Amino acid sequence: MKIADLGDIRLHYSDEGDPNGAPIVFANSLGTDFRLWDKIVPNLPAGLRIIRYDKRGHGLSDVPAGPYSMGTLVSDAEKLMDHLGVKDALFVGLSIGGMIAQGLSVKRPDLVRAVVISNSGAKIGTKEMWDDRIKAVREGGVAALADAIMDRWFAKPFHATDEFHAWRNMLLATPTEGYAGCSAAISGTDFYTPTSGLRIPALGIAGADDGSTPPDLVRETIDLIPGSRFELIRKAGHLPPVEQPEAYSRILNDFIRGTGHV
């Protein structure tokens, strides 16, 4: 169990693989911790340095009072990578993690040499939608939204599995302040202009049954970056690394090798 004290925040992270290898950094979604990537890590090419972390308000990281800004979440990732001495990473972000990936790639090109924007967008939803969610969470906790969230997260067949209940429990364990704080960060973010200025290898991944960030949104976002690739995973909702880890790993590994990041 590793904790990085970054001054204004303590973040829980893992640092696995070859300490001298090419770094790959994973940022997870709203309502999950870095276990989101558990099925992907064993399938990665040998020789990588693999870093995962719990963003503020999630997992075993600190839960400061919100609301949070996207700039703060980007700064957290930046400080963690500086703390660990990481540069020229391949950064993989899913959902809000994909927004962090975009912001960090623009702000610190020395830290990110290639980016994966998974189940995410340059802008997600509307201020009114997020205001309603924040209000519901503050009044009834994450449980007030749990059923609707799980419908967006996973395709229907996955709901019949035992694992589905574990992910629902992970969601319910998310602190109210963390969920609401990160929701405010998403609400205030529009990266269409900054992301369109990126000139790095980029991959967009979407789930065909994603009710949170539909494939058209992911494609529209990744198409802002010249030369980017887009991949669609069938029979997957908002969290394809959980539902379709083999397909996700294949797509990610093709991108890793294609960018020479091994």
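The backbone oxygen of Leu84 lies 3.3 Å from a polar atom of the Arg49 side chain. This is a predicted model, in which local features need pLDDT of at least 70 and side-chain atom pairs count only at pLDDT 80 or more, while totals for chains, interfaces and linings use all residues. Residues are numbered from 1 along each chain as its sequence is written, and side-chain values use heavy atoms, with hydrogens and water left out.

Arg49 belongs to strand S4, residues 48-53; strands are DSSP runs (E) of at least two residues and helices runs (H or I) of at least four, numbered from the N terminus. Is Arg49 buried or exposed? Arg49 counts as buried because its relative accessibility is 12%, and buried means under 20% relative accessible area with a 1.4 Å probe, protein chains only. The side chains of Arg49 and Asp15 form a polar contact of 2.7 Å (a pair of N or O atoms within 3.5 Å, one able to donate a hydrogen and the other to accept it; residues adjacent in sequence count only if both atoms are side-chain atoms).

Let me turn to the helices. The axes of H1 (residues 70-83) and H2 (residues 96-107) come within 9 Å and cross at roughly 70°, the axes being lines fitted to C-alpha atoms over the stretch in contact, with angles from 0 to 180 degrees between N-to-C directions. The two helices are therefore roughly perpendicular, a term for angles of 65 to 115 degrees. Met70 and Leu73 of H1 are among the residues making the contact, as are Ile96 and Met99 of H2; contact means heavy atoms within 4.5 Å.

Methods: Buried < 20%, exposed > 50% of the residue type's maximum accessible area, 1.4 Å probe, protein only. Parallel < 35°, antiparallel > 145°, perpendicular 65-115°, else oblique.
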